[in-house]
Structures are given as C-alpha cells and as structure tokens.
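Let's take a walk through a protein model together, one piece at a time. Keep the picture open and follow along.

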Amino acid sequence: MGDIIRSFSRRRIVVATLCLLGVLDLGRSMFARIGYAEPAEPWQMAPYEAMSWPPGEANASTDSPGQQVYEKRCAICHGVNGRGDGPAAPSLIPRPRDFTVGEYKYKSTAPDEDASDDDLRHTIEYGLAASAMPYWKDILSQEEIDEVIKYIRAFSLFGAPESDPVSLNVTTRVDATAASLARGGLLFEKSCSECHESDGRGDVRPAERIDDYPVPTRDLTAPWTFRGGSEASDIWMRISTGMRPGPMPDYMDALSDAERWDIANYVKSLQRVAPWEAKGELQGPGHHEDLVKRGEYLVHAEMCGLCHTQVNKDMIYSGDEYYLAGGMGVPVYPHGVYVSRNLTPDVETGIGSWSIAEIAHAIRNGRTPERLLFFFDMPWMLLHTLSEDDALAIASFLKSRKPVTNRIPMPLHYGVVETIAAKVAYSSGLPPMGNPTRLTFKAGNYGQTAPHDCHWTGHRLS
Amino acid sequence: MINSQWGILAIGILSYFLLGRSGLARPGDSQRRKGPKKWILISLSWIGLMLVSFLGWVMYHTPDLAFIPPEEIANGASFGIPPVDESKLETPELAAMAHRGRYLFTVTSCAFCHGNDGSGGPKVSMQSFGSLWVRNITPDSETGIGEWQDVEIARAIRSGVSKTGNVLHWQGMIWDHLSNLDEEDVRSIIVYLRNMPPIRNTVPDPTPPSPADCPEYTFFLVEDDTPGCNL
C-alpha cells in the first residue's frame, strides 16, 4: 500500500488527471454526435396531407383542368382531397375551408341553400380581405376559375347543387338616418353584442372553437378586416345569410329586411378612423389591453411555433395539442445539439413553474432560471426589441394554455477541445465566435411525451 | 457522467496536494527548487495556467457570455436594421405605422432570415422542396420589391403567392404564421419595407427538389449560390 501511495508523484497525478479529462472531453464530442441522432418519438400523427413540390408539377396532362389548377394553387392550404388539411393548414386561424362539407361562409343565397357559383367566383377572384385566402384575378383566367369551381364542388359529400342557387334579392337600403341608427343600436345590443361586445370591438380571442379550430370574432370597428366586404350591402348580406359553418347565425327569419338594414347602418357607424388616415391610430389586436389576448395574437403571428412545435418529415407542423410543446432538434456545430423547449405550462416538463416575469426575461434577455439561451438557436437578441408589455403578454398567454407533457432533454455540447479548435479554425475575426455555417431543423420529437414512469427510450443526460 | 469533469479535476487537485507529498522524496528535487527562482517560476506558471484557462473558457462559451449585458448583445445583433426615415413619409400616421413596421420587422423575425438590411441571400435546402434563397425585400426596383403593389406584398406575406403567381413554400417564407397578422400590422410592415433604403442584390431563383438537396431542413448562414446541400 505504501508503495502505491509513494508512486503518486505530482507529475503522475497531473498526467493522469489530464488524461482522464481528455478522455471525458473526447466522450462528450462523440456523444454529441450520436446522442440525439434520431428522434425519441415520431411526430404525433395528425391528418395533414403532404404534397409534391413545386405544387402541381406532378400532375398528369390527362388530369382535368380544374384539378390541375386546384393542385397547383389551392391544395397547399385546402388539401389535395379538399378537407382543409393541406400542409400549410395547421398554423392558419381559422383553418382553411373544408370543401367536403360543401358549406361556404361568404355567400348570397338563403341560409339553408348552397352558395352560388358567383359567390365562389367572387371569393376566388377577390380573395377574403385580411386573410390567408388571396385574390387570384390577376393570375387565373375566367376559364380556369370556372373549372376549379367545378372541381371544388365535386369534393362535397352532399353533392353539387342540381341547379345554380339563386342569390337573395338585396332590398333597398334603409337610409342611415338617426332613427335608423337608433333602431339598429337597440337591435345590435340585443342580437349581436354577446359576441361582438357593445362597442363592436369583439373579442380578439377566439370566441368559439369548431372541431377545436379557433374562430375569431370580427372587430366591427375595423371594416378593412371584413372578409366578405365592408359595404352596407355586404354587412346586410352577412346578417341575412349567416356564416355557416362558423358560429355567426343567420337573421333571415328573426329580423325583417329593414331591421337588418338598420343593423348594417349601425355597424357602419361603429367604424373607427383607419390608422393610415388623418388622426387614425393603431388599435389592432397587437395593442389589446388584455395581455393574454394580446399574447395570443403575438404568438400566433410570430415564429414561436416554427421551432417550438414538432414537424414531420414533410415539414408539416403538429397542429394538434402539441403546438408549442417543443421537441425539435437543432444541431449547431461547433456549439452543441439543442432541443426546443416545451412552452406549455406543464410544471414538470414545461414552463409551469416559471413566473410570468421569468418567461418574459427569458424571451427578451435569453436568461432562464437554469441557463443562458444560445442565441443562434433562440433568437432572443432580436426579441430583446419586444416591449416589456409585449413580452409579458406572450408570457401570460403561454401560462394560460393547457399543459402538455413533453420532457425535453438538456442540450448536448461538444468537447471543449473540439469546440475551441473548430472556433479557431473556422472563425474570422476576434473573438472567435464559431458562427455555425448552417442550422438544421430536424423532424420528429426529441422529447418524451409519455409519463415519467414509462420506459425512457430517448437520451437524458445532464 | 458527461459533466463529471469538475469531479475529476477536484480529485486531481486534492491528490496533488495530499497524496502527492508522499512522492516528493526524490533525490535532486530539493536542490532544483531552491532559491527565489523557484517561486517566480511557480507563480508565473500559475498565472499562465489561469490566463490560458480563462481564454479557453471565454472561447468555449462565446457568444453565450453571462457577463455581457443582454442589451449590448441585442444592440449588436439588431445593428443595421435601418431606422425609419420620417422625411420620406407624408403624414405622422404613416410615420407611426413605419415605426410599428420596423418593430414587427425585428420581432416577427423578418430580419432573422432576410437580414437586418432586408437584402436577403441565404440558402435553404431540403429534399422535399429543393433549394431556395431568401429574397431581397428592399424597395430596389430591379432586384427587390420596388415594383410590387401593396396588395401584392400583402398577398406574399399572408398567402405565399408572389407577384408572378409563384407559390412560396411555407417553410421558406413562413406565410402560414404571418397570415395571422392583423391588417394594420401587415400594412405597417409594408410602409416600413417601402421606407427602407433600396439595396441592389440579385438572389438566385429557387430550384426544384433534387437528391443533392439536404435530407433535413437546412438553413445556410454563409453565402452559397449553388443549389444542393454542398457548401
């Protein structure tokens, strides 16, 4: 024993310690390569349809002209089979129209009638204002539009209408006199204010979910966002026909023609000054006083979901309950392999135990209770520009959501020797930042959605 | 296990001072380390070791350095996002919209892909959509979007349809997310885009999917005009 202890010369101890550290460092470099090579779980399958790219290129010349136009222009949102489940659909609010139901919100026919060809033509030519449905009149010819209407109609499980439905007769507008506005105001309070609120601002937060799809209530003071047009006759038509299958009911029978004109006049009178006109102010949902509602708007319009939601191999987001539940693997050489965090308020695996201020601090300053966020991965250096209120709004919305279990492993880092060597070799200028040359976003889930006591198939090292 | 370096280091240092002493009795040691020179050498080597360790630590952790205030890093990162030129805007309302547009340009991450000056360039490659290059969205009339109408820019932002009718891949230009932007915010972004200084930068046209493209979604941070996954 004494001999062994005597053999521990200081030099040998130094050499042995350095060797051990070297082996460990090499191990880290190796493990960073194999540790998160494959996702721990496949993407949670949801019924979104993949498609070939560029859209329509794979079509045979024997396909009908309607199908060719549809698959080139429409399928990306409405899906190859018309079910409203195209690859871009999961992020859209509300979801794209499902053509198999055969119902269209913006139409001029009686509430229980199909939309007319002219209604569909109008929507295709001019689009739906302020929404993802674009105008096509400069790109598609009249013949192409006619063909695609036929093709869309054929998706309906209820069959195409036997004859083209007849539009409602738009009665003569009641003049917008003080008396008409007073009558309209009373009717609005009785029939409309429950969803649109008395001031017409509506509720930015989705009022109702249809098939779990959020359907926002329109802000009636901003006619530039009216999908179906902002003329008094357009408003009269929406009140008359309703907006099935959305939550807006029809008032065809409940109110007389004149009463509907009174309401249309009243809605017109609610209009605020547009922000681009003299004395106008920006008052959109990004300025909502309710921080949860403002946060919901900001999160959906920003890119949060892009990295914090799993994708499948066709780069379709998981639009189901795993929205914002993290799990995307992002290797950033020579720094490490990062996995996007679970942003749902799950206490154990998400941000449930973080305070709203801590979340806002992480978004703006890249500092979490555990670590610094790596800024090639989480672009907090750009999000630092967010106002304090907007960051708190995003945090408040995240905290208000339903918690989802998705255990996210900690980042894996390359060995110190390799990282420093790579930074010296590939960086120009001082200090060597080691800017990655590429960012890779991997499909599948690198987290673990199963409960904790289940067998852990992934890799959890910290 | 993977983070046990501190344990190993601690054991090493401990044994150096505790166990190492018993190995001291070697002839010549005491003579070699006599005199003031010994202390200078030892101090210098310790200072050198600490300096090298500190430099290594800084290099390893760059750019995630906790002692740099986040404001400094953020200012560095958003440096070059053009300020609003109010002299080009006719009304105070349009100026307010341009400021809102610049804010959204920064935080909805337009700048992240299109660059702080909006001139585009980076390549994105994946086998399911081919190679594409981030477009130049400055108001340059030939290489940017100077000739586009407002409704055409809005359509590209919200629906991924370009002026000529090309379909933009939702994973390249994230129009599916941006379609949730309110009309006021889309118009604000457009006011700001028109307010930016035009930059002449021709960006390659997208190429259709090919086996040479990356098997996984890859965003290139270095300039590369060749289609496919190679650098």
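Helices and strands here are DSSP runs, numbered from the N terminus: a helix is a run of H or I with at least four residues, and a strand is a run of E with at least two. This is a predicted model, in which local features need pLDDT of at least 70 and side-chain atom pairs count only at pLDDT 80 or more, while totals for chains, interfaces and linings use all residues. Residues are numbered from 1 along each chain as its sequence is written, and chains are lettered from A and ligands numbered from 1 in the order in which they are written.

A:Ala130 sits in the loop between helix H5 (117–126) and helix H6 (142–153) of chain A. Its phi is positive, about 55°, although A:Ala130 is not a glycine. Is A:Ala130 buried or exposed? A residue is called buried if 20 or more other C-beta atoms lie within 10 Å of its own, exposed if 12 or fewer, and partly exposed in between, with C-beta atoms placed from the backbone. A:Ala130 has 21 C-beta neighbours inside 10 Å, so it counts as buried. Now hop to A:Glu197, in the loop between helix H8 (193–196) and strand S1 (208–210) of chain A. A:Glu197 isn't a glycine either, and its phi is near 65°, a positive value. With 14 other C-beta atoms within 10 Å, A:Glu197 is partly exposed.

Next come two cis peptide bonds. One joins A:Trp53 and A:Pro54, with omega about -5°, and A:Pro54 belongs to the loop between helix H2 (10–34) and helix H3 (65–73) of chain A. Another joins A:Tyr333 and A:Pro334, with omega about 5°. You'll find A:Pro334 in the loop between strand S3 (329–332) and strand S4 (336–339) of chain A.

Time to zoom out to domains, whose bounds come from an automatic or database domain assignment. For chain A, that assignment gives domain 1 (2–34), domain 2 (178–283) and domain 3 (294–426). The C-alpha centres of domain 1 and domain 3 of chain A are 36 Å apart. Their contact takes six residues from domain 1 of chain A and nine from domain 3 of chain A; two residues are in contact if their C-beta atoms, placed from the backbone, lie within 7 Å.

Now look at helix H11 (residues 291–301) of chain A. Eight of its 11 residues are buried, so H11(A) is largely enclosed by the rest of the structure. Among the buried ones are A:Arg294, A:Glu296 and A:His300. What do the buried residues of H11(A) pack against? They pack against helix H12 (304–308) and helix H15 (388–400) of chain A, together with helix H8 (175–178) of chain B. Helix H12 of chain A also holds A:Gly305, which is buried, with 21 other C-beta atoms within 10 Å. Leaving aside neighbours within four places in sequence, A:Gly305 is in contact with A:Ser91, A:Tyr317, A:Tyr323, A:Leu324 and B:His177.

That brings us to where the chains meet. The contact takes 74 residues from chain B and 78 residues from chain A. On the chain B side, the largest share, eight residues, comes from helix H5 (residues 92–107) of chain B.

Two packed helices are described by the angle between their axes and the distance between the axes. The contact is made by A:Val416, A:Thr419, A:Ile420 and A:Lys423 of H16(A) and B:Gly56, B:Met59 and B:Tyr60 of H3(B).

Finally, find the open sheet of four strands with the order S6(A)-S3(B)-S1(B)-S2(B) and antiparallel pairing. Two strands pair if DSSP finds at least two bridges between them. S6(A) and strand S3 (residues 217–220) of chain B pair over four bridges. Along that pairing, A:Arg438 stands opposite B:Phe220, and A:Thr440 stands opposite B:Thr218.
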